[in-house]
Amino acid sequence: LNKEIARVENAGIPGSANDLRDRRQAKLEEISQIVLIETQEVPGSNGQMEVTVRNADGDPVNLVTIGSESYDINWDSDTGIFRSAFNGSELDIQAGRLAGLIEVKVETIANTRQKIDNLANSLATEVNELYYQAFVPAGVDPAVPEISFFAQPTPPPSVSGTPSTVTAGTLALYQGSTDPTVTDSIPLSAASIRSTDTAMAGANEIAYAIAELGTADIGSLGGVGFNEFAIQTVVSLGQEINDVGNRLEVQESVQSLLAEQRAQISGVSMDEEVANMVQYQRAFQASSRVFNVLSEMLETIVTGLR
């Protein structure tokens, strides 16, 4: 569009490419919905415009230049920032869809995932602390196999002294020890699951202790229970979605108002144009009447002189 505008207006008639300018303005409005841009018509370029964005230092970086050169905006997944393909500088994305994507990806989604991972880690740790049975090798009386409920943390932090790093993606039931020094272990199954550490039939102190975790306050979850923490996570995400929706409605209302005001200022008023057309028509008719009168007067004079 820049090149076409320059070609049309190169004939020396500024503003003669109005249709092309309108199409370019529409494209600029589309771009401005994605990222905050600045535009400037370049003097002596026959109507061509430059489009820039700001980098982290506040300096303009080319997005579109005269001669139809354009440059991409790339997402750097290693650093979590947008960079310009023009010079590789970090861009300061302040508004638009890209800013929204950054906020959702870096803040909202990351925080929610962290909470869910924390919930999974706390659940695995607390249950294994109650359910875990340490391995005792043969030759020691009595020798016992390793038993656990979740695959991690095994052994639990109270035994190993190492903090657990379970996530929602790695949470899994115990399928036997992966430690080569543990030569005997029992994978968790419907047949092997246990409810007691005793030999007494019907004893259920382990099952009862695990059940009590449902109402217990868990320190790693900020002193609230599993159910309450899960509810807080869902409610927090719901509030964030609702807040974003409200902000979107406000922004759309402001955008609609500004677009209407712009149309009133720069748009064509049909009433005004019709009034002008009638005025011009009457002026033409009046001018025609003048010539008719002059013609009749001349005709009368010529006839009278005969």
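Helices are DSSP runs of H or I of at least four residues, numbered from the N terminus. The legends below describe close-up views of a predicted model.

**View 1. The largest pocket takes most of its lining from helix α6.** Of the lining residues, 13 come from α6, which spans residues 226–266. Helices α2 (18–34) and α3 also supply at least two residues each. The lining comprises 26 residues in total. Nearest the centre of the pocket lie Q33, G96, R97, L248 and Q251. By residue class, the lining divides into 12 nonpolar, 7 polar and 7 charged. The pocket holds about 1200 Å³ of space.

View 2. In one of them, W75 and F82 have ring centres 4.9 Å apart, with 65° between the planes. That angle counts as edge-to-face because it is over 60 degrees.

**View 3. Y131 and F149 pair across distant parts of the chain.** This pair is also edge-to-face, at 5.4 Å centre to centre and 85° between the planes. Y131 belongs to helix α3. F149 sits in the loop between β7 and α4 (157–160). The partners are 18 residues apart. Y131 is buried, with 1% relative accessibility. F149 is buried too, with a relative accessible area of 18%; the label applies because the cut-off is under 20%. Ring pairs join Y131, F149 and F150 into a cluster. Over the ring of Y131 sits the charged end of R194, 4.8 Å from the ring centre.

**View 4. P145 is a buried loop residue.** Its loop runs between α3 (97–131) and β7 (146–147). The relative accessible area of P145 is 16%. P145 counts as buried because this value is under 20%. Beyond its neighbours within four places in sequence, P145 contacts Q133, A134 and F135, as well as D184, S185 and I186. P145 and V182 are 37 residues apart in sequence, but their C-alpha atoms are 8.1 Å apart in space.

**View 5. T52 is buried in strand β2.** The strand covers residues 49–54. T52 has a relative accessible area of 12%.

Notes:
Residues are numbered from 1 along each chain as its sequence is written. This is a predicted model: local features need pLDDT of at least 70, side-chain atom pairs count only at pLDDT 80 or more; totals for chains, interfaces and linings use all residues. Side-chain values use heavy atoms; hydrogens and water are left out. Buried means under 20% relative accessible area, exposed over 50%, partly exposed in between (1.4 Å probe, protein chains only). Contact means heavy atoms within 4.5 Å. On a 1 Å grid over the protein atoms alone, a cavity is a set of points where a 1.4 Å probe fits but cannot get out, and a pocket is an open set with protein on both sides within 12 Å along at least five of seven lines; lining residues have an atom within 4 Å of a point. Grid points are joined across faces, edges and corners, and a volume is the space filled by probe spheres set on the points. Ala, Val, Leu, Ile, Met, Phe, Trp, Tyr, Cys and Pro count as nonpolar, Asp, Glu, Lys and Arg as charged, and the others, Gly among them, as polar. Rings of Phe, Tyr and Trp (its six-membered ring) pair if their centres lie within 6.5 Å; planes under 30 degrees apart count as stacked, over 60 as edge-to-face and the rest as tilted. A charge sits over a ring if NZ of Lys or CZ of Arg is within 6 Å of the ring centre and within 35 degrees of the ring normal.
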